[in-house]
Amino acid sequence: MPDSNRITMIIEGLPEDDGRVRFKTFIDQLQSLNATINRLDREHSEGREHVDFQIAELSFNSPVRVVLEPKPTANAQGIAAAIIDSFKKVGDAIDGDDDLSRIDSDILADMRALARPVGKQVKSASLRFDGEEFRLTERVYSRADQALAVTEECDGTFDGMLEQINIHLGANTFHIYPTIGPRRIACTFPATLYDDAVAAVGRRVEVSGLLRYRSGADFPHQIIVREIRVFPNEDSLPDWEDIRGIAPDATGSLTSEAFVRELRDAWV
């Protein structure tokens, strides 16, 4: 298996723990890494997860070292390489001084979660791929946190396909994918809209609520949902034949030609 398709996480515990990593912290770090990998997988696989990463190496001596590699399947290697490339680009942007306003909010939140324990629950943590190391530092956490800060809020409405709902343990979140504007928007909904949200999965919807904007962003990254309106399916909408003659008295005593002519005169 080529090293370029491997992801290595290295974690060193606090000095007061003799360098050992606390179990909960270790599990949280693995879950954050898994969430990031799965999100990037969906980004490169048209919304589906195609790559199964397996544990290739595991060492619990300080520091803890976990090596992941993709399960060999038909297209796993190419997607795994794309996932790692995205990891590197986001890591370089956060680690440098790049403008982070264009980076996906969910990815930034994942990277923030990976860096959160450093200096508090672990001494250090890093990711390695392609022979390069990305250190998860307190600065990484601070940069991601600042980039996710909400600088503007307003009431508004967006429409798009409702997908990726999560109702586990009351998370109550989903994403909408608008036709124009942002690629996707994360939405949080109250328990009172539970049935509406579940019923709308896979449907085109109009979501109204509080729009939240990051600094420098043209579009909201989050909506605190107050209302969900589901659009009818296209196959249930009437076609031209269905609406022919539906309003025979719409033009009153005028012929269709005279009615249109009168409308045109009004535009002058």
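Modeller: Keep in mind that this is a predicted model. We can begin with a pair of helices, where α1 passes α3 in a left-handed crossing.

Biologist: Which residues of α3 make the contact with α1?

Modeller: The α1 side of this contact is made by Q29, S32, L33, A35, T36, R39 and L40. Taken by class, the contact of α1 with α3 has seven nonpolar residues, alongside three polar and three charged ones. On the α3 side, the residues asked for are D106, I107, D110, M111, A113 and L114.

Biologist: How are α1 and α3 oriented to each other, roughly parallel or roughly antiparallel?

Modeller: Helix α1 covers residues 23-44 and helix α3 covers residues 105-115, and their axes come within 9 Å of each other. These axes cross at roughly 160°, and angles over 145 degrees count as roughly antiparallel. The two helices, α1 and α3, are therefore roughly antiparallel.

Biologist: Turning to the strands, which ones are the edge strands of the open sheet?

Modeller: The open sheet is formed by five strands in the order β2-β3-β1-β4-β5, with antiparallel pairing. Neighbouring strands in this sheet are turned against each other by 20° on average, when direction is ignored. An edge strand here pairs on one side only, and the strands that do so are β2 and β5.

Biologist: How many residues lie between β2 and β3 in their hairpin?

Modeller: Strand β2, residues 53-59, pairs with strand β3, residues 64-70, in the antiparallel sense over six bridges. Within this pair, F53 stands opposite P70 of β3. The two strands form a hairpin, and the number of residues between them is four.

Biologist: Which residue is the bridge partner of S126 in β5?

Modeller: Strand β4, which spans residues 122-129, is joined to β5 by four bridges, and the two strands run antiparallel. Strand β5 itself covers residues 132-135. The bridge partner of S126 in β5 is R135.

Biologist: Is K88 buried or exposed?

Modeller: K88 has its place in helix α2, which runs over residues 76-95. Its relative accessibility is 16%, and the cut-off for a buried residue is under 20%. For that reason K88 counts as buried.

Definitions and conventions:
Residues numbered from 1 in each chain as written. Predicted model: local features only at pLDDT ≥ 70, side-chain atom pairs only at ≥ 80, totals over all residues. Heavy atoms only, no water. Axes fitted to C-alpha atoms, helices over the stretch in contact; angles between N-to-C directions. Parallel < 35°, antiparallel > 145°, perpendicular 65-115°, else oblique. Left-handed = near helix turned anticlockwise from the far one by under 90°. Contact = heavy atoms within 4.5 Å. Nonpolar A, V, L, I, M, F, W, Y, C, P; charged D, E, K, R; others polar. Pairing = 2+ DSSP bridges. Buried < 20%, exposed > 50% of the residue type's maximum accessible area, 1.4 Å probe, protein only.
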